[in-house]
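Keep the structure in view while reading.

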Amino acid sequence: MTTPQQITSMKHKQKIVMLTAYDFPTARLMDGIVDIMLVGDSLGMVVLGCENTTKVTMDDMARATEAVARAAKSSLVVGDLPIGAYDSEKDALKNANLLLKAGAKAVKIERKPEIAEFLVKNGIDVMGHIGLTPQTITNFKVQGKNEESAKVLLEEGKAMDNANCFSLVLECIPSGLAKNITESVSIPTIGIGAGIHCDGQVLVTHDILGLFEAFKPKFVKRYAEIGLEMKKAFEQYAEEVRKGKFPSDEFSFH
Ligand code: KIV
């Protein structure tokens, strides 16, 4: 099983591959192909149908983490702490431990380097996340586009590094800024909408498979159209049932 420490040591050596996973069958197909399976709170949008991630609860995250961890034999499982789960050190520690108990080997938090440092000091491996952080940002645009905001992001990246996070997600920032942050921190950066210079990449699995239709950000590349395949199967099944063609003898007991 890949460890957070192995992920850290991949910087300058090998690109890190991360995808999101929220359920057992998908995690089983993905395990060993990616380095990290992130049980992201994007679950709120792509699985539960919410408008954003702000309604995701610890119960949602723990249940999904359990399912993914049950399938994980090789890839590192990281659980996302949802909004409200790490507002204080006490809550952060309690909820991070709940995700570890559910099978995650590390947790991810958005910003808050002081909470990251506290968790690390308490023996928990933490993946940081800066840039477009959906739990707190309402302006869903590329972040760090002007000099001042770019400087703030660079400082946030360094703070996450100083907090001893084992890796850092950079979401939706210009690729030049991502390069600068990547070169300025000792931990690997994992980009989503942050260009080619990051130490690794992550995308939301439902986006790359064509399973999430509400919108498609510019940084998403569709690697398959599973949604269309599913629709075709549903239509064929419905037609065969309605026409009395299914179940034929082959699918019946005698
Ligand atoms: O929740 C999530 O899926 C994430 C990734 C987009 C990094 O945070």
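The model shown is predicted. In it, helix α4 (residues 58–71) packs against helix α5 (residues 89–101) at an angle of about 25°, and their axes are 8 Å apart. Angles under 35 degrees count as roughly parallel, and α4 and α5 are therefore roughly parallel to each other.

**The helix contact**

- On the α4 side, the contact is made by Met58, Met61, Ala62 and Thr65.
- On the α5 side, the residues they meet are Asn95, Leu98 and Leu99.
- Sorted by class, the contact of α4 with α5 has five nonpolar residues and two polar ones, with no charged residues.

**The largest pocket**

- The volume of the largest pocket is about 560 Å³.
- Its lining is made up of 31 residues, and those nearest the centre are Pro134, Glu171, Ile192, Val204 and Phe219.
- Helix α3 (43–46) and strand β6 (167–171) each supply at least two residues of this lining.
- By class, the lining of the largest pocket has 17 nonpolar, six polar and eight charged residues.

**The second largest pocket**

- The second largest pocket has a volume of about 350 Å³.
- It is lined by 18 residues, of which Gln201, Val202, Leu203, Phe219 and Tyr223 are closest to its centre.
- Three strands, β1 (16–20), β7 (189–192) and β8 (200–203), each supply at least two residues of the lining of the second largest pocket.
- Twelve nonpolar, four polar and two charged residues form the lining of the second largest pocket.
- Phe219 is listed for the centre of the largest pocket and also for that of the second largest pocket.

Note on methods
Residues are numbered from 1 along each chain as its sequence is written. This is a predicted model: local features need pLDDT of at least 70, side-chain atom pairs count only at pLDDT 80 or more; totals for chains, interfaces and linings use all residues. Side-chain values use heavy atoms; hydrogens and water are left out. Axes are lines fitted to C-alpha atoms, for helices over the stretch in contact, and angles run from 0 to 180 degrees between N-to-C directions. Helices (H or I, at least four residues) and strands (E, at least two) are DSSP runs, numbered from the N terminus. Angles under 35 degrees count as roughly parallel, over 145 as roughly antiparallel, 65 to 115 as roughly perpendicular and the rest as oblique. Contact means heavy atoms within 4.5 Å. Ala, Val, Leu, Ile, Met, Phe, Trp, Tyr, Cys and Pro count as nonpolar, Asp, Glu, Lys and Arg as charged, and the others, Gly among them, as polar. On a 1 Å grid over the protein atoms alone, a cavity is a set of points where a 1.4 Å probe fits but cannot get out, and a pocket is an open set with protein on both sides within 12 Å along at least five of seven lines; lining residues have an atom within 4 Å of a point. Grid points are joined across faces, edges and corners, and a volume is the space filled by probe spheres set on the points.
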